[in-house]
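Q: Hi! Could you walk me through this one with me? I'd like to start with charged pairs.

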Amino acid sequence: WGVKQPVIATAVRDANRIKSSRRRTVHNINTPLEKMEYQIEKAKRNAAMKVRGKKTARQEYEKWKDDVIRQWERWAAERVIEEENAASEAEAAAAVAAAKGTGVEISEDDAQPLDLSERGGQPLQSQLTV
């Protein structure tokens, strides 16, 4: 094959070293020393995460989920306020229309609904059940 003897010998020695390394790895699996080494590595990783301020994937997921829930609740509360304002505007328009025939004057501004900031920041009772 045209390969010199020293090159073959070097290749065989390298292959034997690799086989020996594999055997050693398989032999050392599930020994008490290996288990202790794993625990030490795990403690190092956890300490490094705390020092650097990183979070685990589970913590990141929980934070994301809480943000989504808060955002949805805010959106639902806004929809409730919009519905209540629409109903109040309809009632105000009906009151203005009814008052026109009786001689009582009600201005459009007096009949407008209040938004959340004008209610003192307090949500309506119907918003608390969302």
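A: Happy to. A salt bridge here is a side-chain nitrogen of Lys or Arg within 4 Å of a carboxyl oxygen of Asp or Glu. This is a predicted model, where local features need pLDDT of at least 70, side-chain atom pairs count only at pLDDT 80 or more, and totals for chains, interfaces and linings use all residues. Residues are numbered from 1 along each chain as its sequence is written, and side-chain values use heavy atoms, with hydrogens and water left out.

Q: Good to know. How many salt bridges does a search of the whole structure find?

A: The search turns up 7 salt bridges.

Q: Which salt bridge does Glu62 form with its side chain?

A: Glu62 pairs with Lys65, at 3.6 Å from N to O. Both sit in helix α3 (residues 57–102), and because they are 3 residues apart there, about one helical turn separates them. Helices are DSSP runs of H or I with at least four residues, and strands are runs of E with at least two, numbered from the N terminus.

Q: OK, and what does Asp67 form a salt bridge with?

A: Its partner is Lys63, with the closest N and O atoms 3.8 Å apart. Asp67 and Lys63 are 4 residues apart in helix α3, about one turn of the helix. Asp67 has a relative accessible area of 32%, so it is partly exposed, and Lys63 is partly exposed at 48%.

Q: Where do the side chains of Glu78 and Arg79 come in?

A: Those two meet in a salt bridge as well, at 3.9 Å from N to O. Glu78 is partly exposed with 39% relative accessible area, and Arg79 is partly exposed at 24%. There is also a network: Arg58, Glu62 and Lys65 are joined by salt bridges that share partners.

Q: Switching topic, how many residues does helix α2 have, and what span does it reach?

A: Helix α2 (residues 32–52) has 21 residues and spans 30 Å from its first C-alpha to its last, close to the 30 Å expected at 1.5 Å a residue. The expected span is 1.5 Å times one less than the number of residues.

Q: What follows α2?

A: Gly53 comes after α2, and its phi is positive, near 80°.

Q: Now the rings. How many aromatic pairs are found in the whole structure?

A: The search finds 2 aromatic pairs. Tyr61 and Trp64 form a tilted one, 5.9 Å centre to centre with 35° between the planes. As for the cut-offs, rings of Phe, Tyr and Trp (its six-membered ring) pair if their centres lie within 6.5 Å; planes under 30 degrees apart count as stacked, over 60 as edge-to-face and the rest as tilted.

Q: Are Tyr61 and Trp64 buried or exposed?

A: Tyr61 is partly exposed at 39% relative accessible area, whereas Trp64 counts as exposed at 52%.

Q: And how far apart are the ring centres of Trp72 and Trp75?

A: Their centres are 6.4 Å apart and their planes meet at 45°, so this pair is tilted. Trp72 and Trp75 are 3 residues apart in helix α3, about one helical turn. Trp72 is partly exposed at 49% relative accessibility, and Trp75 is partly exposed at 46%.

Conventions:
Buried < 20%, exposed > 50% of the residue type's maximum accessible area, 1.4 Å probe, protein only.
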